[in-house]
Amino acid sequence: MLFGGIDIGSLTAQAVIIEEPDGKSARLKIHTKSIRVKPDPVESAKEVMGALLKDIGINWEYMKYVVSTGYGRERVQQEGLSHDNISEISCHGAGAFALYPNVRTVIDIGGQDAKVIRVGPGGELENFVMNDKCAAGTGRFLEVMSKTIGTDYEKLGFLALKSRNRFELSSRCSIFAENEVLHYLQRGASVEDLAAGISRSMADRVMALARRVGVEREVMMTGGVAKNVAVKAELEKKLGLRIVSPSLDPQLIGAYGAAVLARRSWRES
Amino acid sequence: MIVLGIDAGNLFSKAVLLDEDCLLSSSISETTGNVCSCVDSIVSEVLEKSGVTREDVKLFAVTGGGSELIEGLYLREDDVLCIAAAGAYYLPDVEMVVDIGGQSITSILIDEDGDVVDFMRNDKCASGSGRFLEILSGAAGIPIKDLSNAVELAENPVKIRSQCGVFAESEVISYLNEGKKPADILWGLCDAVAGIVAAQARRFPGVKKYTITGGVARIDALTSRIENKLEKEYLKFPHDPMLGAALGAALIARLES
């Protein structure tokens, strides 16, 4: 039996299929796909799920239950591409918990927002905080700043780890920080030191958000920013604990959670 | 007595030369690289324009974000006090001066003597500032100086929902991709900025008359919208509003001497 999850983000769209072999369901298979988003979330959903189904050679009709999440999740359902739509918060919580049942806090930082989600011992959603009003502390901040220092979003974390003398960024606002970094870059500040300052500022914003719900062990980081080693290391230092890395690509956790919830809905119905 | 006032702002430096009540000359230049050399050049410019020599100037006063970096025999003045002084001097009836600069929005409450009673400032977030306006207007493909004219052409205005400049920029770009006209987007932008400014100014509810200074106050499309949103009487600053703080610096220096 096949259960699907579709997560439309701001930059990428993901699809996950959980394959439950007939009979004894001991060994679940997980199939994943990620694409760059299209202007329309319905188009993105169609393309990413279509591509994944093609990869594994299965038709849409064989999907028992599909859950959509992320931007335009309601429209994806209205267009008949999913049976239900569930918030990103619930999906990230469910995905993280299914991969690692000891998880109690999920820090999810995507391209347009940052969320800190608290999960109970049974995987239930306890509380969450979200910032989607200000780019500081989201993936967008890292993206803007990477461009300012002339590097790739993916490379920023590795550059930061090479820093010998971290730059202290005084602006929180992405727009002001851009001017500040440019100013020091023109005066010969090293890209590595600036990258370290940028990662530190990012971690500061995430910590401010996390303090509002409280952090409990174990902590997992999901979303694209989880791939930034410097931000993760800085957060670990501030929290005084190791952050668990999901066994799947951190950007797939929302879609995986949607598929987990799809499977649960099917079983309960 | 001839007094020279300078406002070394984050984005622009301004200089004014005052002889009693007469504004002899003024100069505005983008603050680039070295603040000192930028200030030197606008000082030479105001002197040259007015035919006044350096020796004729009795007092030199400086204010603004870059004022600490400026060397020489300058009197340093606080910029909130300068903005308030300029508002109170030229418009004795105003009870509040709202200043919209390159990187900040400041609402200053003043009493009948022109003294500062209280003020509120946002300089942590670019939302609603000159920089915000410049970035978003640029994203829509219209230079900020043409903003007021462009807004006139709006037919089906859109709403800018993001407060954050970075997110608002994406919003502007997606509106353009949807085929919305720049004029309609800029209408929404002006409305959004006016809303942000008015929200701060409303925190001083008792005020009846106010003025607006700072570079953004040059844009009529904005001041008229702020006026509509705030149910108070708007008095137009009699000089170029961008010179507000520089004029205030000169006025305070004159009083103190």
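Q: Which residue ranges make up the two domains of chain B?
A: This is a predicted model, where local features need pLDDT of at least 70, side-chain atom pairs count only at pLDDT 80 or more, and totals for chains, interfaces and linings use all residues. Residues are numbered from 1 along each chain as its sequence is written, with chains lettered from A and ligands numbered from 1 in the order in which they are written. Domain bounds come from an automatic or database domain assignment. For chain B, that gives domain 1 as 2–79 + 244–256 and domain 2 as 92–236.

Q: How many residues does each domain of chain B put into the contact between them?
A: The C-alpha centres of these two domains of chain B lie 26 Å apart. Residues are in contact if their C-beta atoms, placed from the backbone, lie within 7 Å. On that basis domain 1 of chain B gives 5 residues and domain 2 of chain B gives 9 residues.

Q: What classes of residue are on the side of domain 1 of chain B that touches domain 2 of chain B?
A: Here Ala, Val, Leu, Ile, Met, Phe, Trp, Tyr, Cys and Pro count as nonpolar, Asp, Glu, Lys and Arg as charged, and the others, Gly among them, as polar. The domain 1 side in chain B then comes to 2 nonpolar, 3 polar and no charged residues.

Q: Which residue takes a positive phi in the hairpin of β7(B) and β8(B)?
A: Strands are DSSP runs of E, at least two residues, and helices are runs of H or I, at least four, numbered from the N terminus; two strands pair if DSSP finds at least two bridges between them. β7 (105–110) and β8 (116–122) of chain B pair in the antiparallel sense over 6 bridges, and B:Ile110 has B:Val116 as its bridge partner. The hairpin has 5 residues between the strands, and the one with a positive phi, near 85°, is B:Gly114.

Q: Which element of chain B has the highest mean pLDDT?
A: pLDDT is the predictor's confidence in each residue, from 0 to 100. Chain B averages 94, and 100% of its residues score at least 70. Among its elements, β5 (75–76) has the lowest mean at 88, while the highest, 98, belongs to strand β9 (209–213).

Q: Which element gives the largest share of the side of chain A that touches chain B?
A: The contact has 11 residues of chain A against 12 residues of chain B. On the chain A side, the elements giving two or more residues are α4 (139–148) and α6 (174–186). By class that side has 7 nonpolar, 1 polar and 3 charged residues. The largest share, 3 residues, comes from α6(A).

Q: Which helix of chain A gives the most to the side of domain 1 that touches domain 2?
A: Chain A is assigned domain 1 (2–92 + 251–268) and domain 2 (102–245), with centres, taken over C-alpha atoms, 27 Å apart. Contact involves 8 residues of domain 1 and 12 residues of domain 2 in chain A. With 3 residues, the top contributor on the domain 1 side is α3 (88–99) of chain A.

Q: Which residue follows α7(A)?
A: Helix α7 (191–213) of chain A has 23 residues and reaches 34 Å from its first C-alpha to its last. That is close to the expected 33 Å, where the expected span is 1.5 Å times one less than the number of residues. After it, with a positive phi near 85°, comes A:Gly214.

How values were computed:
Two residues are in contact if their C-beta atoms, placed from the backbone, lie within 7 Å.
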